[in-house]
Amino acid sequence: MSQRTTLITGGNSGIGAAIGQRLLDKGEAVVSLGLAMPETEHPGLTGYVADLTNPQDTAEIAQEICAKHGIDQLVHNAGMILPNPLADADPNDILTLAQLHLAAPMALTKAALAGMEARGYGRILFISSRASMGMPTRSAYASTKAGVHGLARTWALELAPKGITVNVIAPGPVLTDNFWGIVPKDGELQDKIARGVPVGRIGTVEDIANAAEFFLQEGSGFVTGQVVFVCGGTSLGGLNL
């Protein structure tokens, strides 16, 4: 297999960085796209900065990256939560997160698609959320993450004949800056959430990277249109954060 190049949004930290490191360790190339440059340096790692909630910035960076790099695989990991109960929710939050979770990966995929089709190979992987099944205070987040599943299944059907798979990982609570932005780090609430997870702990970025590594390997070409909940069992019942 020739060296693959993977574009990872939100690749500068957290889940995105963990997935990127797995690929770098295998000798593959990684292009990180986020609000900041990657926190680590590696000969196979290239970083770009853009705000994917801005449609114009997204369109421009998509063209720039795909003109400079032959993107074989795309991991759309970038996300925001914007939590609020319904009484305080802002309808504009749905528009913001629809741009980030749905429109941005569409622009990036369209820019990379011609190259994937020409090579007869591609992997598109979304990082969604267990919250797509519903969670209090997550109107904008849950609805747009649920939309990711429909988008992925649609693309899976369209792109399967071209050797391109499209899949989704839906994590449960994972120890990242996004999580700690809502739950105080190492505090009582974090412990309470951990006790409520059927496996008895909160997930790590490595848990998600394990699943991503499976979907992104060449041998996974017969798996497409799937949503895998890497959630410690929380998709089997309610979870309140």
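Colleague: What joins S1 to strand S2 (residues 29–34), and which way do they run?

Modeller: 5 bridges join S1 to S2, and the two run parallel. Strands pair if DSSP finds at least two bridges between them, so S1 and S2 count as paired. Within this pair, Ile-8 stands opposite Ser-32 of S2. Strands here are DSSP runs of E with at least two residues, helices runs of H or I with at least four, numbered from the N terminus. Please note that this is a predicted model: local features need pLDDT of at least 70, side-chain atom pairs count only at pLDDT 80 or more, and totals for chains, interfaces and linings use all residues. Residues are numbered from 1 along each chain as its sequence is written, and side-chain values use heavy atoms, leaving out hydrogens and water.

Colleague: What makes S1 (residues 5–9) mostly covered?

Modeller: 5 of its 5 residues are buried, meaning under 20% relative accessible area with a 1.4 Å probe, protein chains only (exposed is over 50%, partly exposed in between). Thr-5, Leu-7 and Thr-9 point one way, Thr-6 and Ile-8 the other. In a regular strand, side chains alternate between the two faces of the sheet.

Colleague: Why are H3 and H4 called roughly parallel to each other?

Modeller: The axes of H3 (residues 91–119) and H4 (residues 139–159) cross at roughly 20 degrees and come within 8 Å. Axes are lines fitted to C-alpha atoms, for helices over the stretch in contact, with angles from 0 to 180 degrees between N-to-C directions. Angles under 35 degrees count as roughly parallel, over 145 as roughly antiparallel, 65 to 115 as roughly perpendicular and the rest as oblique. H3 and H4 are therefore roughly parallel.
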